[in-house]
Each structure stands twice: as C-alpha cells, then as structure tokens.
Amino acid sequence: MSFLPFGRPQPSSAEKIAAAETEMEMIGEMMTRLNQSCVKKCIPAEYREGDLNKGESVCLDRCVSKFFDVQMKVSEKMQGDAAMRQGQGL
C-alpha cells in the first residue's frame, strides 16, 4: 500500500476478485473461439480414426500458434493505442 499522495490507489479485495473473474471469463471465451476455429479448419466432420493423424495434428499446432500470435499482436496494438491516448490526455 502506498502512503504517497501521488500514487495510484490500490484496488480493494472485491475489485481484485471482480478483475480475476473477468479475466477468467475472457480466457474461457478465447479458448472457445480457439477451439471452434481450429477444429473447424483442421478436423473433418466425419472421424475416421480415434486419434489425430499427422496432418490434423500439424494443422492444429499451426492453427493454435497463429491464433496466439494474432492475439498477442492485437493486444500489443490495443495497449499501445491506449497508452498513446492516455499520454495525449484523451
């Protein structure tokens, strides 16, 4: 806890819990989108085998990697835009 008058106020326990719940919800939604997108692209509608074949496995691996790369780029862009707006006082 900061006793300095110019520090950012510390969030309360309820605010921390609410932030954690929101983060968990966002992670769940992201995982749902990831699953839907990559399964649709990589897994045929009719299963031929109980396990993934090599092509499906490679496709899923690449899809997940690209999904997270895009998520990181979007997040970095949004954070940069927010920092720029905050720096301009908007």
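Which helices each supply at least two residues of the lining of the largest pocket? In this predicted model, local features require pLDDT of at least 70 and side-chain atom pairs count only at pLDDT 80 or more, whereas totals for chains, interfaces and linings use all residues. Residues are numbered from 1 along each chain as its sequence is written, and side-chain values use heavy atoms, with hydrogens and water left out.

The helices in question are helix 1 and helix 2, helices being DSSP runs of H or I of at least four residues, numbered from the N terminus. The lining comprises Glu23, Met26, Ile27, Glu29, Met30, Arg33, Phe68, Gln71, Met72 and Ser75, and helix 1 contributes the most, with six residues.

Excluding residues up to four places away in sequence, Leu60 touches Cys38, Val39, Cys42, Ile43 and Leu52, contact meaning heavy atoms within 4.5 Å.

Glu56 lies in helix 2 (residues 54-88). Glu56 is buried but has no salt bridge, and the nearest side chain of opposite charge, Arg48, is 5.9 Å away. A salt bridge requires a side-chain nitrogen of Lys or Arg within 4 Å of a carboxyl oxygen of Asp or Glu. Apart from neighbours within four places in sequence, Glu56 contacts Cys42, Ile43, Pro44 and Asp51.

Technical notes: Buried < 20%, exposed > 50% of the residue type's maximum accessible area, 1.4 Å probe, protein only. Lys, Arg positive; Asp, Glu negative; His and termini not counted. 1 Å grid on protein atoms, 1.4 Å probe; cavity = no way out; pocket = protein on both sides within 12 Å on 5 of 7 lines; lining within 4 Å.
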